[in-house]
Amino acid sequence: MPKINLLPKQISELIAAGEVVERPASVVKELAENSIDALSKHITVEIQHGGITYIRITDDGCGISYSDVPCAFLRHATSKISTADDLDSISTLGFRGEALAASSSVSKIELFTKTSGEQFGTHYIIEGGNEVVYEENGCPDGTTIIVRDLFYNTPARMKFLKKDVSEGNAVSAVIERMALSHPEISFKLIRDGKQTLSTSGDGKLDSAIYSVLGREFSSSLIPLNGESDRIKVTGYVCKPVFCRQSRAGQFIFLNGRLVNSKTVMAAVEQAYKNSAMIGKFPAFLINVEMPFDTVDVNVHPAKTEVRFSDEKRIFEAVHYAVKNALSVGDTRPVIDVSANLKKTFFEHMDVKQYRQQAVSTDALDTKTVAEKVYENVIENPLTVLRQDTTPLFTKKVDVNISVCDDIPEPKQVVENEYKPTEEVKFIGEAFSTYIVAEKGNSIFLIDKHAAHERMLFNKLKSEEKAQTQVLLTPVTVRMSANEYDAVIKNGQLLEKAGFEVDDFGNGTVVVRAVPSVLGDADIELCLTEVASSLLEKGSVEIEMLERLYHTVACKAAIKAGYITSKTELLELAKKVLSNDDIMYCPHGRPVAFEIKKYDLEKQFGRIQ
């Protein structure tokens, strides 16, 4: 058996460094967290070559006293805990005392630091864990730490680093998340001499979101604010129509610490059920504040995983906070008719410019003028109709332009201008699928299937037990083994949803009654899909019941392409536009889009 040797301190620290120091981003994270814990108001991070050759972090925090500096670079040397009991209520981001020791063992570190109570600051250099310089120095209050040549003494680790751009992006991600979790701190990031991030530090989360994630992201968000049972949930969630293809836009903060939490994530996504499109994920920034003694952050080296003392309380607090935010802040999506439309020469002109254009053509041949007008009318009839074209027609033109016979006088247009009303007016139906309706100063395009499906879904959910319709002739349905088993096991659930199903044996069931909303829908197909929904993951009864309602509503709703009477369509439009609960179908697709009169009038040149 090989002899067991106690590793020298230098080697053991190199191994321990791997717990927190994997790449430049992990160094930045640990050191910037120290700056936050030092109550800094301004933190500047500068990196070169992705942070591999150079990292500098400057803050205006409390600093480290001269006598404590060498101790700060020892393993498990920390000012944040002193007893085992302190681990039960950790309120700081760092607490293990590993960041400086781990970083200094695999790099060359230079430190300048000063506390407000000291006359002089401290200059300290440590390379590969060995002290090189320790002296007094003139420097401002706060701390500046410079990390050079990361992994210079561990080339094996160096080869696992990615390209400079990738490592730099990872550092950016760390600082961006810190800026989002601490809007009260002004963060700056400088990459290879260029400032790429700057936040105001004004304490407003929306300011930090705008600076970090941009205008488009911030404009899609709804404020979130809820509190229950000593758990406070704040932040922002996106409107369902802005859900994304991935979870990349999800940020969870616990007492100001960025964490990964499946509990919080599941609670948010469950709140979006039947509002977000299937296969898409909500974007959100959520900060959960709770007593420090009810959460354990000491379960992962990088401190990104946490353990709650009561997962159910967290789930419910987040779930209901998000539900309330969506019910208050979500609105119908609006179509921007001005986007991506090419404008012709005539569409850019107002009435005055149009007249000037006409006058400037007086020197041209009369027939040429007429031909030009005729060509423009044929190609852009609405463009000509929206302008006062009188000057063009004061000349005698021997050309018949019948399309312009009904051009109204500008005065008449103003007199007959639309007066806003809140009555829903049926305009028509497009493609036997989309209702076109007018209400107030907007036109609405309504997907009749999605709208009817949502209405039926809401009706089923509101009833204690779905209304049933007994079949004159029972229907037998042959199913797969899994589907058959799911139906037999969930008889009571099916009964609550409006089905009466008996076991006929050998993979066959008999359907004797169905939800009354199904009408003449294909019962065999419907029950098969119901069985499939029962097989989906989710053991909570209310979730399984919602899936049943979803399937029934989808099968019972008016289908796209079906011929529907004007009266039915008008009634459907009235219900949709008078009820804010009918904004998304159970699949999460929008029920209606709004086109504002203002946007249309801009397109037609009535307003500038």
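In which strand is Thr234 found? I looked this one up to get my bearings, and Thr234 is in strand S10, residues 231-238. My labels follow DSSP runs, numbered from the N terminus: helices are H or I with at least four residues, strands are E with at least two.

**Ground rules**

I am working with a predicted model, where local features need pLDDT of at least 70, side-chain atom pairs count only at pLDDT 80 or more, and totals for chains, interfaces and linings use all residues. Residues are numbered from 1 along each chain as its sequence is written, and side-chain values use heavy atoms, with hydrogens and water left out.

**Entry: Thr234, continued**

Thr234 counts as buried because its relative accessibility is 18%, and buried means under 20% relative accessible area, exposed over 50%, partly exposed in between (1.4 Å probe, protein chains only). I then listed its contacts (heavy atoms within 4.5 Å). Setting aside neighbours within four places in sequence, Thr234 touches Leu224, Asn225, Leu285, Ile286, Asn287 and Glu289.

**Entry: the whole chain**

I noted 21 helices and 22 strands in the chain. Of its 608 residues, 46% count as buried. Among contacts with a separation of 6 or more, 69% are between residues 24 or more positions apart.

**Entry: a sheet of four strands**

I traced an open sheet with the order S16-S17-S18-S22 and antiparallel pairing. Strands pair here if DSSP finds at least two bridges between them. Strand S16 (425-430) and strand S22 (592-596) are the edges; each has a single partner strand, so one side of each has no neighbour in the sheet. Neighbouring strands are turned by 20 degrees against each other on average, direction ignored.

Next I went through the pairings. S16 and S17 run antiparallel and are joined by five bridges, and Ala430 has Tyr434 in S17 as its bridge partner. Their hairpin has three residues between the strands, and there Phe431 takes a positive phi near 55 degrees. Strand S18 (residues 442-447) is joined to S22 by five bridges, again antiparallel; Leu445 has Phe593 in S22 as its bridge partner.

Which helices lie across this sheet? I found helix H15 (residues 448-462) across S16, strand S17 (434-439) and S18, at about 75 degrees to S18. Helix H20 (residues 566-577) lies across S16, S17, S18 and S22, at about 60 degrees to S17. For these angles, axes are lines fitted to C-alpha atoms, for helices over the stretch in contact, and angles run from 0 to 180 degrees between N-to-C directions.

I found strand S1 (residues 42-48) paired with S2 in the antiparallel sense over six bridges, with Ile43 opposite Asp59. The two form a hairpin with five residues between them, and His49 in the turn has a positive phi of about 55 degrees. S2 also runs antiparallel to strand S6 (residues 142-148), joined by six bridges, and Ile57 stands opposite Ile145 in S6.

Strand S4 (residues 121-127) and S5 run antiparallel with seven bridges; Thr122 has Glu136 in S5 as its bridge partner. Two residues lie between S4 and S5 in their hairpin, where Gly128 has a positive phi of about 60 degrees.

**Entry: aromatic rings**

How many aromatic pairs are there? I get three, taking rings of Phe, Tyr and Trp (its six-membered ring) as paired if their centres lie within 6.5 Å; planes under 30 degrees apart count as stacked, over 60 as edge-to-face and the rest as tilted. Tyr66 and Tyr134 are stacked, 4.6 Å centre to centre with 15 degrees between the planes. This pair links distant parts of the chain, 68 residues apart: Tyr66 is in the loop between strand S2 (54-59) and helix H3 (69-72), and Tyr134 is in strand S5 (residues 130-137). Tyr66 is partly exposed at 27% relative accessible area, and Tyr134 is partly exposed at 28%. I also noted one aromatic cluster formed by Tyr66, Phe73, Tyr124 and Tyr134.

**Entry: two packed helices**

Last, I looked at helix H9 (residues 262-271) and helix H10 (residues 311-329), whose axes come within 8 Å and cross at roughly 35 degrees. The residues of their contact divide into ten nonpolar, three polar and two charged. In this scheme Ala, Val, Leu, Ile, Met, Phe, Trp, Tyr, Cys and Pro are nonpolar, Asp, Glu, Lys and Arg charged, and the others, Gly among them, polar.
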